[in-house]
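My notes follow the model shown here.

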Amino acid sequence: RLRFVSDGLSVSGVVQKPYGANYAGWEHPLTPHYRQKAGSELLPRHPRAGVFGYRNWLGIVVRRVSEDDTARRAKVLELWGERSREMAEILVAGWAMDNMKPRDFIFSRAPLLTLDADQIAALEGMVEAAEMLATALRQALAPLLAEGEAREAAREAFYLRTQSAFEARAAALTSVNFAEQTRGWLADLRAVALDLFDARALPGLSERAPEKQARIIAARRNLTAAFAGYGKLGGAAWLALGLPVPEKKKAA
């Protein structure tokens, strides 16, 4: 544990001491919590390193569907819904940790969403579909980018560029039917993914070796197929959105 040392006017140092208070079972009203499995102890949730976007919202910004009580929003958010129906924002702040070592400090704003069970399920499906299709994009970039930071940066760009569209779709869940929003969300994701892919694939394509060109063309075809509901990732994304998975095309 880190304890501040004060000279009476300001913090003059830090003393590190092993161990400390055991907070297991105590639910801080400003902190979201989770259980590793049903029936296990309640633990505070730490943020992921990087930008706090919509893929981190479940169980923090919006209540998660959790019949076995493995995810809880901060108590203060639940109390707000009981006290007011006005629109509000929440501040999300905290340390992203790696084996008790701080990696990054997150400070962000997010809308406070109060949704019913069906709307929450639709929102969860939208996040899960984005995760599946972000992975499909990452795989498609294999002929263009080396494994590691470059492809991970492209996936992060995918989430950043779809953030505003997600917020608009999430807000519209309260007034528009789910099918319209989920299909619109699929189109939003497809447009950004193909733009990210083409920006890396098209420049200098004609100057590449024929076998490299063939790999890039096949990768783009597989990416568009995923957005059409084909393949493992595409089928999982469509199921998450509540869309009927298309039948596999029979070979001629």
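What volume does the second largest pocket have? I read about 310 Å³ for the second largest pocket. I worked on a predicted model, where local features need pLDDT of at least 70, side-chain atom pairs count only at pLDDT 80 or more, and totals for chains, interfaces and linings use all residues. Residues are numbered from 1 along each chain as its sequence is written, and side-chain values use heavy atoms, with hydrogens and water left out.

I took a pocket as an open set of points on a 1 Å grid over the protein atoms alone, where a 1.4 Å probe fits, with protein on both sides within 12 Å along at least five of seven lines; lining residues have an atom within 4 Å of a point. A volume is the space filled by probe spheres set on the points.

The second largest pocket is lined by 15 residues, and Met87, Leu112, Leu113, Thr114 and Thr174 lie nearest its centre. I noted that helix H4 (163-172) gives the most to this lining, with three residues. Helices are DSSP runs of H or I with at least four residues, and strands are runs of E with at least two.

I then turned to the largest pocket, with a volume of about 1,900 Å³. Its lining counts 48 residues, with Pro44, Arg45, His46, Trp95 and Met97 nearest the centre. Strand S6 (89-98) gives the most, with nine residues.

Last, I looked up an open sheet of three strands, in the order S4-S3-S5 with antiparallel pairing; strands pair if DSSP finds at least two bridges between them. Tyr34 has Leu43 in S4 as its bridge partner.
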